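Here is a brief report on a predicted model. Start with the sequence and the structure, then read on.

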Amino acid sequence: MPSASQKYLTLFVAEASEHLATLQSELVRLEQEPPAAPLWDAIFRRMHSVKGSAATLGFSRIVDIAHAAENLIARLKGKQGKIERAEVDLLFAATDALVKEIVKLDKKEEDERTITLVDRLAKAAQALPDPALTAVRPVPPPPVMPAADPSLPRLDVSVVLAKTCAAPGARALIVQRKLKAMGTLLEMEPTPAQLMQQKGGARITALLATLTATDEVREALVALPEVDHVDVRIAPAARPVDEGFPVSPPPPVVSPPQASMRGQLTPPPGRRELTPAPVDADELRPEPTVRVRAEALDQLLDQAADVMHGIARLREAAKRLPEHAAAPLEAEIDRLRRTARELHGRVMSARLTPFSSLTERLPRAVRDLAHRLNKTIELDVQGADVELDRTVIEALGDPLSHLVRNAADHGLEDPQTREKAGKPARGKLTLTARRERDKVIVEVQDDGRGMDAQALRRKAVKSAAMTQEAADALSDDAAYELAFLPGVSTRDDATEVSGRGVGLDAVQRKVESLGGKVSIRSVPGKGTTFVVELPLSVSMANLLLVQVGGELYGVPLHRVLLTTEYDLSARGGEGFEARSLVVMGELVRAYGLAKLFGLPSLAPPGPRPFVVMEVDGLRFAVSVDRLVGQEESVLKPLFPPLDRVRGLAGITVLGNGRPLLVLDPRGLAELCGIHDPLKPAPAAKGAA
Amino acid sequence: MPKRVLIVDDALFMRNTLRDIFSSAGFTVAGEADDGVQAVNLFRELKPDLVTMDIVMPYKSGIDATREIVQLDPNAVVVMCSALGQESLVMEAIEAGATDFIVKPFRGEDVLAVVKKVLGE
């Protein structure tokens with residue numbers, strides 16, 4: 001074993017693993033489409049890169065395998081006609097062997113099989129003619145951001161939103177629209193999305209390329225509602241666009257894995273060893289990146305959160321000072337808090353990982369599965385470059401491969417059945433990731449036989465999950481959701497339930513534990529789509545603080561529709577278990593939070609605050625003793641035995657150091673009995 | 001010439017509140033609609049200077065109604081009335097062409113401050 005320092009070894013392992021993961025999906029594409037030269041070049045380049053680094057570090061076995069594979073690839077590229085399955089299999093074998101080698105790099109084992117494999121690779125290569133190895137195609141440069149006309153003046157714009165602004169994200173969007181109407185908006189920080197559900201008083205900075213005079217820009221912005229202060233000045237002329245305050249979003253610290261799966265050969269920054277010197281080196285220079293251990297980022301995030309907690313405690317303490325001393329201190333603390341929040345946000349975005357890191361291995365898995373099942377399956381991944389929080393990525397791995405396997409196995413029919421039904425013999429699986437504001441939507445779609453609602457109803461009744469009447473009352477769409485019930489999804493032969501459901505309940509549990517939800521859309525004969533909806537990041541939460549029975553609780557604000565006050569006793573409603581109130585012209589069921597948790601309510605009779613929440617389109621209200629305020633905080637998971645209490649989502653620490661239990665609106669809905677998947681949903685209107 | 005307002009909200013209470021606010025400030029309430037479909041029809045008919053638009057309404061949401069109104073008249077002034085926690089809907093409405101927004105619960109002076117600014121008064 002070579003005496004490579006641990007540092008280089010870690011780097012090599014990370015980089016080579018990335019190459020090999022991408023290589024796998026590229027090999028799958030070899031079988032799916034007539035292989036074009038760029039694809040061959042990419043495959044060759046990866047193998048070559050692994051070989052080169054391994055050689056530098058003296059890992060001779062890796063060099064041997066990669067070298068032999070590289071030779072075979074070069075000859076396959078020159079071969080006329082179809083690529084044989086056996087040849088691709090051999091390349092897969094080489095990739096697998098390389099992965100194994102890399103995994104056990106620090107173990108000092110000899111492996112006889114390597115020698116055999118190298119032999120086989122060599123034999124396969126010898127059987128093919130040796131084309132004069134053409135030079136590897138240069139990698140195209142990364143796309144250069146379309147810049148505004150450099151002759152236009154740049155304006156530094158600073159806008160302070162009113163403290164009373166209740167929806168800073170929406171307000172920022174209006175500011176952004178105004179700026180865009182006056183010129184080319186080069187930067188804006190924070191973005192409207194970042195300001196969503198924040199408190200008022202935020203300061204927005206922007207860089208605008210425009211011919212509009214500074215006074216005119218200022219007047220246009222001052223004329224907007226809820227804008228307290230505007231400052232517009234000409235930016236220093238010498239300032240290049242990419243300096244000064246950082247462009248949002250900040251460049252990711254972790255270098256992203258290779259491009260996307262759709263085969264654009266965008267090089268990862270900092271690794272362009274095969275590229276000839278570019279014409280204009282300055283313009284094309286990639287953003288410098290460093291690799292950071294994921295763990296280090298986690299620690300940073302924790303510490304950033306601690307700083308935020310500390311600042312919140314300071315703020316609490318400052319409140320006890322006499323006003324003349326408190327005011328300047330609070331102003332400083334607020335400034336500090338903004339910086340800390342920004343720091344926290346940056347660490348969060350540094351933890352973002354592209355969706356492709358999840359999907360890279362899927363083409364290989366689907367290919368193997370398809371061969372085993374005697375089906376032909378085309379996998380299409382869209383949105384590979386959508387970025388998700390690392391926690392979400394890690395937690396999503398299992399459920400996602402579950403859904404894909406499920407779709408390949410049970411959703412898609414075999415080629416004969418498909419042809420009989422007038423469909424193309426090759427089944428199609430589409431994986432899509434996209435961002436919608438503060439959410440990420442991942443869809444797994446097949447064009448297979450669709451689900452059988454009647455069979456699912458039968459199944460649910462048979463497994464004693466519900467009565468025949470309840471099952472009959474379900475719409476087809478509601479019946480599909482039965483696949484998430486444990487009894488329905490796992491037991492019995494899969495074909496009877498038109499196949500769905502190996503552990504779909506586990507998938508749902510996992511997704512919901514991340515604060516997301518999963519739903520099913522299915523059309524008989526046309527296919528099924530599983531829709532997984534997840535929060536962009538899992539740890540920050542905007543909370544509404546409420547008091548019940550002398551205790552404080554947090555309610556995630558994204559579930560809160562509105563708060564209102566109501567005097568139910570005045571309506572003679574005391575005799576009812578659950579009552580209703582009118583919210584925005586609609587009757588909404590109301591429950592007592594104290595009663596749900598078995599706590600004493602300390603509020604005097606009379607009008608009482610209600611929090612109206614929405615879960616899966618169902619609205620309900622819970623009464624509390626008092627509304628206390630709003631707080632942004634870092635949500636931590638519950639530890640046993642609290643994690644088994646229904647209606648609780650997590651725990652957080654308040655500014656004054658006291659722990660705060662955070663309610664889980666979905667669990668609350670279940671406690672109220674309005675979100676039981678077995679019962680048909682109550683009609684939203686006329687519940688009382 | 002007093003400015004003419006079209007008030008759109010499915011809650012009678014909200015419509016009354018807004019009507020009082022606008023009347024007392026010298027506006028003319030040209031019409032009231034309690035759903036999105038009616039809103040678009042009344043807009044076409046009345047050509048008001050200003051529309052206040054609720055978001056969550058039956059038949060057609062305030063966002064869709066706004067989109068259609070702005071298509072009818074790109075210079076239409078539509079102010080969304082949203083509740084706390086509906087920020088993403090408000091942002092959707094702005095992208096659909098809404099001029100500005102107010103957040104419920106609001107005081108009369110808040111509404112008038114926003115309205116006067118968007119009407120350039």
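## The buried face of helix H3 in chain B

In H3(B), the buried residues are B:Gly62, B:Ile63, B:Ala65, B:Thr66, B:Arg67 and B:Ile69. What do the buried residues of H3(B) pack against? Their partners in chain B are S1, H2, strand S3 (50–54), strand S4 (78–83) and helix H4 (87–95).

## How H2 and H3 of chain B pack

Two numbers describe the packing of a helix pair: the angle between the axes and the distance between them. Helix H2 of chain B covers residues 36–46, and helix H3 of chain B covers residues 62–72. Their axes lie 9 Å apart, at an angle of about 20°. That angle falls under 35 degrees, so H2(B) and H3(B) are roughly parallel to each other. The crossing of H2(B) past H3(B) is right-handed.

Which residues of H2(B) meet H3(B)? From H2(B) come B:Gly36, B:Ala39, B:Val40, B:Phe43 and B:Arg44. They meet B:Gly62, B:Asp64, B:Ala65, B:Glu68, B:Ile69 and B:Leu72 in H3(B). By class, this contact of H2(B) with H3(B) has six nonpolar, two polar and three charged residues.

## Chain B as a whole

Chain B has five helices and five strands. Along the sequence they run β-α-β-α-β-α-β-α-β-α. Chain B has 121 residues, and 50% of them count as buried. Take the contacts in chain B between residues at least 6 apart in sequence: 60% of these join residues at least 24 apart.

## B:Arg4 in strand S1

B:Arg4 sits in strand S1 of chain B, residues 4–8. Is B:Arg4 buried, partly exposed or exposed? B:Arg4 has 16 C-beta neighbours inside 10 Å. A buried residue needs 20 or more, and an exposed one has 12 or fewer. B:Arg4 therefore counts as partly exposed.

Beyond four places in sequence, B:Arg4 is in contact with B:Thr28, B:Ala30, B:Leu46, B:Pro48 and B:Asp49. B:Phe22 is 18 residues from B:Arg4 along the chain, and their C-alpha atoms are 9.4 Å apart.

## Where chain A touches chain B

The contact between the chains involves 21 residues of chain A and 17 residues of chain B. On the chain A side, the elements that give two or more residues are helix H6 (168–182) and strand S14 (560–566). H6(A) gives the largest share, five residues. The chain A side divides into 15 nonpolar, four polar and two charged residues.

## A helix pair in chain A

Helix H10 of chain A spans residues 294–319, and helix H11 of chain A spans residues 323–350. Their axes come within 9 Å and cross at roughly 165°. This angle is over 145 degrees, which means that H10(A) is roughly antiparallel to H11(A). The crossing of H10(A) and H11(A) is left-handed. Their contact has 19 nonpolar, one polar and five charged residues.

## Confidence in chain A

The mean pLDDT of chain A is 75. Of the residues of chain A, 77% reach 70 or more. Over residues 132–146 of chain A, pLDDT stays under 50. The model has 20 contacts beyond four places in sequence for this stretch. Residues 572–578 of chain A also have a pLDDT below 50, with six contacts in the model beyond near neighbours in sequence.

How values were computed. Residues are numbered from 1 along each chain as its sequence is written. Chains are lettered from A and ligands numbered from 1 in the order in which they are written. This is a predicted model: local features need pLDDT of at least 70, side-chain atom pairs count only at pLDDT 80 or more; totals for chains, interfaces and linings use all residues. pLDDT is the predictor's confidence in each residue, from 0 to 100. Two residues are in contact if their C-beta atoms, placed from the backbone, lie within 7 Å. Axes are lines fitted to C-alpha atoms, for helices over the stretch in contact, and angles run from 0 to 180 degrees between N-to-C directions. Helices (H or I, at least four residues) and strands (E, at least two) are DSSP runs, numbered from the N terminus. Angles under 35 degrees count as roughly parallel, over 145 as roughly antiparallel, 65 to 115 as roughly perpendicular and the rest as oblique. A crossing is left-handed if the near helix is turned anticlockwise from the far one by less than a right angle, and right-handed if clockwise. Ala, Val, Leu, Ile, Met, Phe, Trp, Tyr, Cys and Pro count as nonpolar, Asp, Glu, Lys and Arg as charged, and the others, Gly among them, as polar.
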